[in-house]
Amino acid sequence: MPTDKQKLGVLGENLVSKNLVCQKCKKKRTLKKLPINFKCADLICDFCGFLAQVKSSNVKDINKLPNSILGAAWGPQEERMNAGIYFPLYLVLVNEKKYSVFYLSADLQSKDIFKARKPLSSSAKRAGWQGFMYDISKIKNHFVRLK
Ligand SMILES: [Zn+2]
């Protein structure tokens with residue numbers, strides 16, 4: 001059974017792939033979901049090869065960007081940043097049946113928005129696993145609202 005968090009993630013990916021154009025080639029309905037275990041990105045455009053990540057968040061007000069968003073695993077993220085690699089990000093804000101979509105291009109991202117979290121405690125299911133948060137409090141004006 002998927003968790004609520006996984007369901008929210010799938011919802012966000014579906015909303016973006018079904019309703020939004022590719023940010024590179026501007027074609028409709030070309031964004032396809034990558035397999036769940038695919039590490040660096042969630043969507044690929046099957047026309048131009050554009051790759052993007054999608055993050056979804058439950059919020060009170062879909063018109064207001066939150067200060068932080070839950071990211072993914074810190075290790076691979078840190079490695080990519082050290083290599084200068086960033087991926088475009090679609091941020092889906094959900095409030096019951098309403099949603100909005102914001103977009104942050106790769107060239108507007110830098111190391112300082114990715115904050116490592118404490119590794120999970122030894123009693124956790126995935127003990128030692130370390131995640132990160134996106135701290136977007138200072139770069140909200142870099143986002144473009146798409147929907
Ligand atoms: Zn495309």
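Trainee: What is the strand order in the open sheet of three strands?

Mentor: Keep in mind that this is a predicted model. To read a sheet, follow the pairing from strand to strand. Here the order is β4-β8-β7, and the pairing is antiparallel. From one strand to the next, the twist averages 35°.

Trainee: How many bridges join β4 to β8?

Mentor: Four, and the two strands run antiparallel. Strand β8 covers residues 131-135. For a landmark, find leucine 70 in the model. Methionine 133 in β8 stands opposite leucine 70.

Trainee: Which helix packs on the sheet?

Mentor: Helix α2, residues 74-82. The helix touches β4, β7 and β8. Its direction makes about 95° with that of β4.

Trainee: Now the core. Why look for nonpolar residues in a group?

Mentor: Because nonpolar side chains tend to be buried together in soluble globular proteins. In this model, the largest nonpolar core has 19 residues. Val16, Val54, Tyr90, Leu91 and Val92 have the most contacts inside it.

Trainee: Which elements give two or more residues to this core?

Mentor: β2 (43-45), β3 (51-58), β5 (89-95) and β6 (98-104). β5 gives the most, with five residues.

Trainee: What is valine 92 in contact with, leaving aside neighbours within four places in sequence?

Mentor: Gly12, Leu15, Val16, Val54, Ser56, Tyr99 and Val101. Two of these names, Val16 and Val54, are also on the list of residues with the most contacts inside the core.

Conventions: Residues numbered from 1 in each chain as written. Predicted model: local features only at pLDDT ≥ 70, side-chain atom pairs only at ≥ 80, totals over all residues. Pairing = 2+ DSSP bridges. Axes fitted to C-alpha atoms, helices over the stretch in contact; angles between N-to-C directions. Contact = placed C-beta atoms within 7 Å. Core = buried A, V, L, I, M, F, W, Y, C linked by C-beta atoms within 7 Å. Buried ≥ 20, exposed ≤ 12 C-beta atoms within 10 Å, placed from the backbone.
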